[in-house]
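Please examine the sequence and the structure shown below. The paragraphs that follow lead from single residues to strands and then to helices.

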Amino acid sequence: MQSTHPDTSDTTAAALATAACGYWHRRGLPTAPGQVVAAPGAPVMLLALLAATGAGGVRGGSGVLLPRPSAAWYAPQARLLGRPLHPVPVPAECGGVPDPFALLETVRRVRAGGGDPRVLLLSVADDPTGTAVPPELLHEVCEAAADEGLLIVSDESWRDTSHDPHDTVIVSPAEMLHSAGTDADWVVVLVGLGAALLPPGLPAGIARFPGTDQGRVLGDAVREVLDTLHTELSHPVAEAAAEALTEPAALREQRAATARTHGAYATALQHAVTEAGALCRPPHAGRQLYADFEPLRSDLAARGIEDAATLEAELVVRLGPFVMGGHRFGDDPHALRVRLSTEVLARGAPTPPEGSGVLDGVRSALTELTATH
């Protein structure tokens, strides 16, 4: 495991690695401490991982494939390293993964043009769309990635925020391949602990590398990058992360209650969006959803709203700082799509939020925005 801050004892570092192993074991992924690397946040971990790919005998390369749209912190890490980005449209069912046929087409097109995309970044529980990837679709994406020799980086930060335990089963690509007895040499699991396990202000991220020769080479390369950057976990954060990863009963209950609350907010918000005439995939996890106002383009154009940036600006005025345009997530900047945070309803709204003044205000704002002139 990566070294931590000098104040952090070897015992705390070992406890964190052991707790991470238990966390993944409970999710069907047997893990040894040597497969675990920790960093102060998922973005830092991703930066180190992308920097390490291609080092020595590590499977990797210059190009990074990612779904469109995708979490706002994915693309900047690749750009910082000068890696070409190759966004691939998501399927109709969900966000978080590229459409498998579009993925194959993109890889072949880029390689035909002299590029070398070798890393696929995906998310099984997606920010910005708030959707979860159905296992059968994830299997198709993994097969396509395997056929093209891609290193899969699976962001599972929001995996433990499913709104309903009886909803879509959220599965890791590494878990899927392990269960199938397939060589998982090419799957790295990344978890930002702040999404479901740690309170704000305690940034920590962990990664699980394959227990193979290739996995060990890549893990060592990532540790070297993190050590070079002096990105160590402080002793208090390492202790808190180790405790959270053991998932005590109180934490599990609080996490489930929070997920149910935001699930109620997300469902109410989706209904408000669709009632206004926009399109929106049903949310399944996390604290956000992704609304498509393209069906209302002519009405919005009458108000001077013709792209994601102007739609964002108008909705921020009406709803507050809970809206981000799709252009911030790598989407087409001319498309009328935005991410809405469930926090817009968390401002004093009861659970469920139906009948609350906050929800009524959101509905009124959306209705006024999209009203035909």
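A residue is called buried when its relative accessible area is under 20%. The model considered here is a predicted one. Cys-21 has a relative accessibility of 9%, and therefore it counts as buried. A search of the whole structure finds zero disulfides. Cys-94 accordingly takes part in no disulfide, and the nearest cysteine sulfur, that of Cys-142, lies 12 Å away. For comparison with that distance, the two sulfur atoms of a disulfide must be within 2.5 Å. Cys-94 is also buried, because its relative accessible area is 0%.

Four strands form an open sheet in the order 8-9-11-10, and their pairing is antiparallel. Strand 8 (279-280) and strand 10 (323-325) are the edge strands, each of which pairs on one side only. Strand 8 is joined to strand 9 (residues 288-292) by two bridges, in the antiparallel sense. Within this part of the sheet, Cys-280 stands opposite Ala-291 of strand 9.

Which helix lies across strand 10 and strand 11? Helix 11 (residues 308-319) does so, and it runs at about 170° to strand 10. Strand 11 comprises residues 337-341, and the loop between strand 11 and helix 12 (343-346) contains Thr-342. Is Thr-342 buried or exposed? Thr-342 is buried, because its relative accessible area is 0%. Apart from neighbours within four places in sequence, Thr-342 is in contact with His-262, Tyr-265, Ala-266, Leu-269, Arg-287 and Gln-288.

The final element to consider is helix 13, which covers residues 357-370. Which residues of helix 13 are buried? They are Leu-359, Val-362, Ala-365, Leu-366, Leu-369 and Thr-370. Seen down the axis of helix 13, these buried residues fall within an arc of 125°, and therefore they line one face of the helix. An α-helix has 3.6 residues a turn, so residues three or four places apart point the same way. The buried residues of helix 13 pack against helix 9 (249-275), helix 10 (297-301), helix 11 and helix 12.

Definitions and conventions
Residues are numbered from 1 along each chain as its sequence is written. This is a predicted model: local features need pLDDT of at least 70, side-chain atom pairs count only at pLDDT 80 or more; totals for chains, interfaces and linings use all residues. Side-chain values use heavy atoms; hydrogens and water are left out. Two strands pair if DSSP finds at least two bridges between them. Contact means heavy atoms within 4.5 Å. Axes are lines fitted to C-alpha atoms, for helices over the stretch in contact, and angles run from 0 to 180 degrees between N-to-C directions. Buried means under 20% relative accessible area, exposed over 50%, partly exposed in between (1.4 Å probe, protein chains only). The expected span of a helix is 1.5 Å times one less than its number of residues. The arc is that of the directions from the helix axis to the C-beta atoms.
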